[in-house]
Amino acid sequence: MKVLVTCRNGMGTSTMLTVQLRNVASKNGWDVDCEHASLDAVGSFRGDLIISLSDVAKELEDEGVKTPIIGIDSLMDSNEIERKMTPYIGK
């Protein structure tokens, strides 16, 4: 599964969220190829899933982004990430 982790600038938040996602994927044995970038990368992303903080995810949905988007409320909550990712694994 190819995942884009994004935030407004593509630095702090997306980097931290990518680390959390990789930890959750490793723990669960999920094959997840994730990259992090700024919102500018969303338009050219060709993958399976976009993950961002909830406020940014809502903006992307409002803009009509077609790729499925997961909004995370707490970037340090690995349980939330696991819970929200699980339905997308294996699709």
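1. Basis. The structure is a predicted model, in which local features need pLDDT of at least 70 and side-chain atom pairs count only at pLDDT 80 or more, while totals for chains, interfaces and linings use all residues. Residues are numbered from 1 along each chain as its sequence is written, and side-chain values use heavy atoms, with hydrogens and water left out.

2. Helices (H or I, at least four residues) and strands (E, at least two) are DSSP runs numbered from the N terminus. Strand E1 (residues 2–7) has five of its six residues buried, so it is largely enclosed by the rest of the structure; buried here means under 20% relative accessible area, with exposed over 50% and partly exposed in between (1.4 Å probe, protein chains only). Two strands pair if DSSP finds at least two bridges between them. E1 pairs with strand E2 (residues 33–38) in the parallel sense over six bridges, and Thr6 has Ala37 of E2 as its bridge partner. Three bridges also join E1 to E3, again running parallel, with Leu4 standing opposite Ile50 in E3.

3. The two crossovers. E1, H1 and E2 make a right-handed β-α-β unit, and E3, helix H2 (residues 54–62) and E4 make a right-handed unit of this kind as well. Right-handed means that, with the strands pointing away from the viewer, the path from the first strand over the helix to the second runs clockwise.

4. Strand E4. E3 and E4 pair in the parallel sense over four bridges, and Ser52 has Gly71 as its bridge partner in E4. In a regular strand the side chains alternate between the two faces of the sheet. In E4, Ile69 and Gly71 point one way and Ile70 and Ile72 the other, and all are buried.

5. Helix H3. Glu80, Ile81, Glu82 and Met85 are the buried residues of helix H3 (residues 78–85), and they pack against helix H1 (12–28), strand E3 (49–53) and strand E4 (69–72), where contact means heavy atoms within 4.5 Å. The N-terminal end of H3 is capped by Asp77, a side-chain oxygen of which lies 3.1 Å from the backbone nitrogen of Asn79.

6. Ser14. This residue lies in helix H1, and at 0% relative accessibility Ser14 counts as buried. Leaving aside residues up to four places away in sequence, Ser14 touches Val5, Thr6, Cys7, His36 and Ala37. The side chain of Ser14 also makes a polar contact with the side chain of His36 (3.4 Å); a polar contact is a pair of N or O atoms within 3.5 Å, where, within protein, one must be able to donate a hydrogen and the other to accept it, and residues adjacent in sequence count only if both atoms are side-chain atoms.
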